[in-house]
Amino acid sequence: MSETTFTPRVFSGIQPSGNLHLGNYLGALKRFVDWQAKDVETIYCMVDLHAITVWQDPADLKKSTRELCAGFIAAGLDPEQSILINQSQVPEHAQLAWVFNCVARMGWMQRMTQWKDKAGKNAQNASLGLFAYPALMAADILVYHATHVPVGEDQKQHLELTRDIAIKFNHDYGVNFFPETEPVIEGAGTRVMSLRDGTKKMSKSDPSDASRINLTDDADAIAKKIRKAKTDPDALPSEAKGLEERPEARNLVNIYAAMAEQSVDQVLADVGGKQFSEFKPMLADLAVAKMAPITTEMARLMQHQDEIDKILARGAERAREITAPILRKTYDIIGMVGPSSL
Ligand code: AQP
């Protein structure tokens, strides 16, 4: 097998399933923007095919997809610099996913904790798409030969599976065609927890709106949610060690650190000894300062949906210059007759 070096390329995505929240922002979106500033090609995706693994209202899905694109741009992604796409507009994602459905093993999928959490006790009634979700995610990444994928911690297992699929494909066909992609999970914002329960991930599907800060919340709503966030009665410690066994306190400090772009130790050096009654207003001010401009810009962009649609159409065109040859070559490797590839 010949050694291949893969050009560094970053890919990541977010589901347009409504309620883009602070966890998505700190765990993913903000880091997408950081990668854009580096000297590397960046591709960011609204993964609408993933969203429909659970039923979506069609009108809401369209609105959420455009809103997510507006969120990407408002947070600092430049459609000239990064390729911004809607997954269903680049058909090679779904085409490669089928190939990977035939590479991945049932046992691998059954071990996925997200599958177990989302399907729960009602697995027989869950969609086949929800079960196969990680194979589509592997295709999203590998159809670009992406080498780096910035994600939140909850996606670590899916990224490991992506590597397993690449390794098995390469092994089964005696090639070194797909890279073993690196998950990039770094910083204080990779696991933002619910404001109502510090042991549960902040999530779009949490029925309590008070559990999360939405990117569409205004300054008053953000401040109110932080004021009401669950805490414990003790003062903040001066060292990170003092946050062990204090999930709510740790979460609020992590959020502060991620937004202030400081380490947890730096934050605690400043706020150690303060009561939550003093810390929460500091956190609320910081959150409003960081989020309000994004919210305002998102609302402005949503007034120009035709512009958003043009950006997505152009993104799909640019993306397909990468994905079409990779899919053609994949088909060639696995023995499908077609136009000769690369
Ligand atoms: N709480 C979080 N902290 C840090 N990162 C997070 N991400 C999600 N929640 C947090 C990261 O955001 C990116 C996109 O997530 P997604 O929308 O594709 O999927 P998700 O993980 O299913 O988001 P939710 O909110 O948790 O949705 P539901 O409620 O439907 O399960 C990913 O990089 C993810 O790590």
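Where is Gln56 found? In this predicted model, Gln56 sits in the loop between helix H2 (48–51) and H3. With a relative accessibility of 17%, Gln56 counts as buried, because the limit for that class is under 20%. Apart from neighbours within four places in sequence, Gln56 is in contact with Ser17, Ala51 and Leu61. The side chain of Gln56 also reaches the backbone oxygen of Ala51, at 3.0 Å. The C-alpha atoms of Gln56 and Lys310 are separated by 23 Å, and these two residues are 254 residues apart along the chain.

Helix H3 (residues 58–75) holds both Lys63 and Glu67, which are 4 residues apart, about one turn of the helix. Their side chains meet in a salt bridge, with 3.5 Å from N to O. Lys63 is partly exposed, at 47% relative accessibility. The loop between H3 and strand E3 (83–86) contains Ser82. Ser82 counts as buried, since its relative accessibility is 0% and the class requires under 20%. The side chain of Ser82 makes a polar contact with the side chain of Gln36, at 2.9 Å. Leaving aside neighbours within four places in sequence, the residues in contact with Ser82 are Gln36, Thr42, Tyr44, Leu77 and Arg318.

The view may now widen to the domains. The domain assignment of the protein gives domain 1 (9–190 + 304–334) and domain 2 (209–293). The C-alpha centres of domain 1 and domain 2 lie 30 Å apart. Where the two meet, 11 residues of domain 1 are in contact with 12 residues of domain 2. Between them the domains bury about 1,100 Å², and 70% of this area is on carbon and sulfur atoms. The count of residue pairs in polar contact between domain 1 and domain 2 is 3, with both residues at pLDDT 80 or more. On the side of domain 1 that touches domain 2, helix H1 (residues 22–36) gives the most, with 5 residues. The rule finds 1 salt bridge across the interface of domain 1 and domain 2. Lys30 forms a salt bridge with Glu261, and their closest N and O atoms are 2.9 Å apart.

The largest nonpolar core has 59 residues, of which Leu22, Tyr25, Leu29, Phe72, Ile255, Met259 and Phe279 touch the most other members. Helix H12 (residues 276–301) supplies the largest share of this core, 10 residues. At least three residues of this core come from each of domain 1 (9–190 + 304–334) and domain 2 (209–293). Leu29 touches Leu20, Asn24, Gly71, Phe72, Ala75, Leu77 and Leu215, if residues up to four places away in sequence are not counted.

By the rule applied here, the count comes to 20 salt bridges. One of these joins the side chains of Asp154 and Lys201, with 2.7 Å from N to O. Asp154 lies in the loop between strand E4 (148–150) and helix H8 (156–173), and Lys201 in the loop between strand E5 (182–184) and helix H9 (219–227), so this pair ties together parts that are 47 residues apart in sequence. Asp154 is partly exposed, with a relative accessible area of 29%. Lys201 is also partly exposed, at 36% relative accessibility.

The side chains of Lys230 and Glu248 meet in a salt bridge as well, with 3.5 Å from N to O. Because Lys230 lies in the loop between H9 and helix H10 (247–260) and Glu248 lies in helix H10, the pair ties together parts that are 18 residues apart in sequence. Lys230 is partly exposed, with a relative accessible area of 40%, whereas Glu248 is buried, with a relative accessible area of 11%. Finally, a network of salt bridges links Asp209, Arg212, Asp217 and Lys225.

Methods:
Residues are numbered from 1 along each chain as its sequence is written. Side-chain values use heavy atoms; hydrogens and water are left out. A nonpolar core is a set of buried Ala, Val, Leu, Ile, Met, Phe, Trp, Tyr and Cys residues joined through side-chain atoms within 4.5 Å. Buried means under 20% relative accessible area, exposed over 50%, partly exposed in between (1.4 Å probe, protein chains only). Helices (H or I, at least four residues) and strands (E, at least two) are DSSP runs, numbered from the N terminus. Domain bounds come from an automatic or database domain assignment. Contact means heavy atoms within 4.5 Å. Buried area is the accessible area (1.4 Å probe) that two parts lose on being put together, summed over both. A salt bridge is a side-chain nitrogen of Lys or Arg within 4 Å of a carboxyl oxygen of Asp or Glu. A polar contact is a pair of N or O atoms within 3.5 Å; within protein, one must be able to donate a hydrogen and the other to accept it, and residues adjacent in sequence count only if both atoms are side-chain atoms.
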